[in-house]
Amino acid sequence: MEKKTGEPLIHFGVLDEVLDLCRANSLWPLTFGLACCAIEMMAAGAARFDLDRFGAGVFRPSPRQSDLMIVAGTISRKMAPAIVRLYDQMAAPKWVIAMGNCAISGGPFYYEGQYAIVPGADLIIPVDVYVPGCPPRPEGLIEGILQLEEKITHRGRLRKFR
């Protein structure tokens with residue numbers, strides 16, 4: 001008796017790899033910024049850093065046209081339901097980058113007894129890549145996007161490169 005693993009009987013390996021490569025090299029981020037990290041996100045899309053070279057320069061105004069949410073900045077408890085709603089409206093497959101210490105852990109605004117700040121985006125939506133810094137430089141966001149592209153092309157397994 002063969003044990004069922006949930007894996008498909010027929011694998012279209014080459015087709016899956018090609019589709020993953022296409023997805024990784026044509027990310028469409030959602031135009032969405034919460035605080036000062038959004039300025040660095042905008043700088044990364046400008047001419048000096050040029051996210052278009054990495055296939056992620058087409059910032060979309062609608063979650064239905066996006067497959068990448070970059071949570072850039074402090075998440076207040078009042079804003080958290082809107083973030084979840086936008087994430088739910090995005091088409092699958094979808095990815096999330098938490099950009100900045102505030103999006104990762106609440107930053108300097110989160111302390112014992114406070115009630116207004118969410119201590120990390122991963123508490124409300126699943127996060128794929130974390131970009132630390134306060135605020136992180138545009139190069140940090142570019143590195144995060146490259147890490148996400150690597151993760152997409154290798155089905156969630158990050159390879160060591162460099």
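Q: What makes β2 and β3 a pair of strands?
A: In this predicted model, three bridges join β2 to β3, and the two run parallel. Two strands count as a pair if there are at least two bridges between them, so β2 and β3 qualify. Within β3, Val 131 stands opposite Met 99.

Q: And what makes β1 and β2 a pair?
A: Here five bridges join the strands, again running parallel. The cut-off is at least two bridges, so β1 and β2 pair too. Ala 72 has Met 99 of β2 as its bridge partner.

Q: Why are β1 and β3 said to stand at the edges?
A: The open sheet has three strands in the order β1-β2-β3, with parallel pairing. β1 and β3 each have a single partner strand, so one side of each is left without a neighbour in the sheet. From one strand to the next, the twist averages 20°.

Q: What makes β2 "mostly covered"?
A: Five of its five residues are buried. Trp 95, Ile 97 and Met 99 point one way, while Val 96 and Ala 98 point the other way.

Q: How do you know that the buried residues of α2 line one face?
A: Start with who they are: Cys 37, Ala 38, Glu 40, Met 41 and Ala 44 are buried in α2 (residues 37-45). Seen down the helix axis, these residues fall within an arc of 160°, so they line one face of α2. The face turned away from that buried side carries the exposed residues Ile 39 and Met 42.

Q: What covers the buried residues of α2?
A: The cover includes β1 (68-72), β2 (95-99) and α5 (138-153). As for direction, α2 lies across β1 and β2, running at about 135° to β1.

Q: What puts the buried residues of α3 on the same side?
A: The buried residues in question are Ala 80, Ile 83 and Tyr 87. They cover an arc of only 60° around the axis, which puts them on the same side of α3. On the other side, Arg 85 and Asp 88 are exposed. β1 and β2 are among what covers the buried residues of α3.

Q: What makes you say that the charged end of Lys 94 sits over the ring of Tyr 87?
A: That charged end is 4.2 Å from the centre of the ring. The distance cut-off is within 6 Å of the ring centre, so 4.2 Å passes. The label also asks for a position within 35 degrees of the ring normal.

Q: Why is Ile 124 called partly exposed?
A: Its relative accessibility is 26%. Buried means under 20% and exposed means over 50%, so Ile 124 falls in between. Ile 124 lies in the loop between α4 (101-105) and β3 (129-131). Leaving aside its neighbours within four places in sequence, Ile 124 is in contact with Ile 75, Ala 80, Ile 83, Val 84 and Val 118. Ile 83 is 41 residues away along the chain, yet the two C-alpha atoms are separated by 8.3 Å.

Q: What makes Gly 106 buried?
A: The relative accessible area of Gly 106 is 0%. The cut-off for buried is under 20%, so Gly 106 counts as buried. Its place is in the loop between α4 and β3. Beyond its neighbours within four places in sequence, Gly 106 has contacts with Asn 101, Ile 117, Val 118, Pro 119 and Gly 120. Ala 121 is 15 residues apart from Gly 106 in sequence and 8.6 Å apart in space, C-alpha to C-alpha.

Q: Which peptide bonds are cis, and where are their prolines?
A: One of them runs from Ala 92 to Pro 93, with omega near -5°. Pro 93 is found in the loop between α3 (80-89) and β2. Another goes from Cys 134 to Pro 135, with omega near -20°. Pro 135 has its place in the loop between β3 and α5.

Key: Residues are numbered from 1 along each chain as its sequence is written. This is a predicted model: local features need pLDDT of at least 70, side-chain atom pairs count only at pLDDT 80 or more; totals for chains, interfaces and linings use all residues. Side-chain values use heavy atoms; hydrogens and water are left out. Buried means under 20% relative accessible area, exposed over 50%, partly exposed in between (1.4 Å probe, protein chains only). Helices (H or I, at least four residues) and strands (E, at least two) are DSSP runs, numbered from the N terminus. The arc is that of the directions from the helix axis to the C-beta atoms. Contact means heavy atoms within 4.5 Å. Axes are lines fitted to C-alpha atoms, for helices over the stretch in contact, and angles run from 0 to 180 degrees between N-to-C directions.
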